[in-house]
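User: Could you walk me through reading this structure, feature by feature? I'd like the general idea each time, and then the case at hand.

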Amino acid sequence: MNKAFDYLGRVTIPKEFRDRLGISPEDKVRVTCANGKIILEPVKNFCALCGTSDSLIYTLYDKRNINLCDECLKVVQNYVANRR
Ligand SMILES: [Zn+2]
């Protein structure tokens, strides 16, 4: 299957592929480039503030799947400490 990028660099991922991987609108995907390929991977766990899936260390609510990365957690902790 060949697809064309539009002038903003967007390409539609076929619904069949999205359904197969359980990707819904507004879900996040990790985009990487390696060995001449662009790779999209569904990301289920990501930082609620910056969106990274790296260095996730703090989950606020498991049921809601709200996570913070190491860096954002430090920012939040610093903010809270300085409010007192
Ligand atoms: Zn973060």
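Predicted model: local features only at pLDDT ≥ 70, side-chain atom pairs only at ≥ 80, totals over all residues.

User: What radius of gyration does the protein chain have, and what would a compact globule of 84 residues have?

Analyst: The idea is to set the chain's value beside the globule rule. The protein chain has 17 Å, whereas a compact globule of 84 residues would have a value near 12 Å. The box filled by the C-alpha atoms, taken along the principal axes, is roughly 55 × 25 × 25 Å.

User: Which residues make up the largest nonpolar core?

Analyst: There are five of them: F46, C47, L68, C69 and C72. Leaving aside residues up to four places away in sequence, L68 touches C47, A48, L49, Y58, L73 and V76.

User: And why does V75 count as partly exposed?

Analyst: A residue needs 20 or more neighbours to be buried, and 12 or fewer to be exposed. V75 is partly exposed because it has 13 C-beta neighbours inside 10 Å. Its place is in helix 2, which spans residues 70–83.

User: How far apart are the C-alpha atoms of V75 and G9?

Analyst: They are separated by 33 Å, and the two residues lie 66 residues apart along the chain.

User: What share of the contacts between residues at least 6 apart in sequence joins residues at least 24 apart?

Analyst: Here we sort contacts by separation along the sequence. In the protein chain, that share is 2%.

Definitions and conventions. Residues numbered from 1 in each chain as written. Rg over C-alpha atoms; globule rule 2.2 N^0.38 Å. Contact = placed C-beta atoms within 7 Å. Core = buried A, V, L, I, M, F, W, Y, C linked by C-beta atoms within 7 Å. Helix = DSSP H or I, 4+ residues; strand = E, 2+ residues; numbered from the N terminus.
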